[in-house]
Number of protein chains: 2
Amino acid sequence: MSTIALRPIGRVESRLTDPAKAPKQADEGAPEALLVIEPDFAAGLEGLKAGDEIILMTWLDRAQRDILVNHPRSDKSRPVAGVFTTRSPHRPNPIGLHQVTIADIDGPRVRVRSLEALDGTPILDIKGLLNPDIEQR
Amino acid sequence: MSTIALRPIGRVESRLTDPAKAPKQADEGAPEALLVIEPDFAAGLEGLKAGDEIILMTWLDRAQRDILVNHPRSDKSRPVAGVFTTRSPHRPNPIGLHQVTIADIDGPRVRVRSLEALDGTPILDIKGLLNPDIEQR
């Protein structure tokens, strides 16, 4: 099949720089981070505000794309599993999926709580949550 | 920023072919569908079974990518909102996000319940759910 071209809408700024030290999930001690959206895309943020929960999709640019089975959570004592049963970053199309809360928003700069993505990670998309309060948007 | 190249891991087979008639969300009457995974990627399915809930990411290839604000749910009586506050398919990187249950799996053919994606939609990724039962995988 032919390839698909994505253009990042922004980048993550974070104090996390070392993949080996980064938490695997947001609830494992991830720090605040800043989503810096490109000027071309900033109009798409209209209506977001502090306190909103959002779905963030990132491109895990330091992941390996040629892995189809691995040891869950890099724990060699666990049996290998297909990557499509796991949340491993290593997979053919390493799209990161994160649910985060907006702490603060200043134009194209969106500060979020507890994000496990590394500094410099490209941002692909932001979506509203599917929940009764906002699914009608 | 430079572009990112994705390679679909498979395609959706569905009786939904007309975007205008497709349900907007899975709980709005979406039919069963088949995820047909390419042979090169089928090893990544190892361990998935009927009854599992999964996160499915698709490429919404019939969406418009040059839209940053729109009327939520295509309802012109609603005020426009930034696409990053919504679940509209129309957005710069139209990645579809679906939570589906596996009805049946036969090698690289995964039948799922209630999927609102159109026939032929490229599949980008499948992930395990983040929940207490499987997050340790």
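Mentor: The model is a predicted one, and the account below should be read with that in mind. Across the interface of chain B and chain A, 2 salt bridges are found. One pair in a salt bridge is B:D125 with A:R91, whose side chains meet at 2.6 Å, N to O. Polar contacts between chain B and chain A amount to 24 residue pairs, with both residues at pLDDT 80 or more.

On the side of chain B that touches chain A, at least two residues each come from β1 (4–6), β2 (10–13), β4 (53–59), β6 (81–82), β7 (95–106) and β9 (122–128) of chain B. The largest share of that side is supplied by β9(B), with 6 residues. By residue class, the side of chain B that touches chain A consists of 27 nonpolar, 12 polar and 14 charged residues.

As to overall extent, chain B and chain A each bring 53 residues to the contact. The area buried between the two chains is about 5,200 Å², and carbon and sulfur atoms give 61% of this area.

Strand pairing also links the chains. Strand β1 of chain A, residues 4–6, pairs with β1(B) in the antiparallel sense, over 3 bridges.

Turning to chain A itself, strand β9, residues 122–128, is mostly covered, with 7 of its 7 residues buried. This strand has pairings within chain A. With β2(A), β9(A) forms an antiparallel pair over 2 bridges, and A:R11 stands opposite A:P122 in β9(A). With strand β4 of chain A, residues 53–59, β9(A) also runs antiparallel, here joined by 5 bridges; A:L56 stands opposite A:I126 in β9(A).

The loop between β2 (10–13) and β3 (33–37) of chain A holds A:S14. The relative accessibility of A:S14 is 11%, so this residue counts as buried, the cut-off being under 20%. A polar atom of the A:S14 side chain lies 2.9 Å from the backbone nitrogen of A:L16. Leaving aside residues up to four places away in sequence, A:S14 touches A:P31, A:A33, A:A117, A:L118 and A:D119.

Notes: Residues numbered from 1 in each chain as written. Chains lettered and ligands numbered in written order. Predicted model: local features only at pLDDT ≥ 70, side-chain atom pairs only at ≥ 80, totals over all residues. Heavy atoms only, no water. Contact = heavy atoms within 4.5 Å. Buried area = accessible area lost by both parts, 1.4 Å probe. Salt bridge = Lys/Arg side-chain N within 4 Å of Asp/Glu carboxyl O. Polar contact = N/O pair within 3.5 Å; in protein donor to acceptor, adjacent residues only side chain to side chain. Helix = DSSP H or I, 4+ residues; strand = E, 2+ residues; numbered from the N terminus. Nonpolar A, V, L, I, M, F, W, Y, C, P; charged D, E, K, R; others polar. Pairing = 2+ DSSP bridges. Buried < 20%, exposed > 50% of the residue type's maximum accessible area, 1.4 Å probe, protein only.
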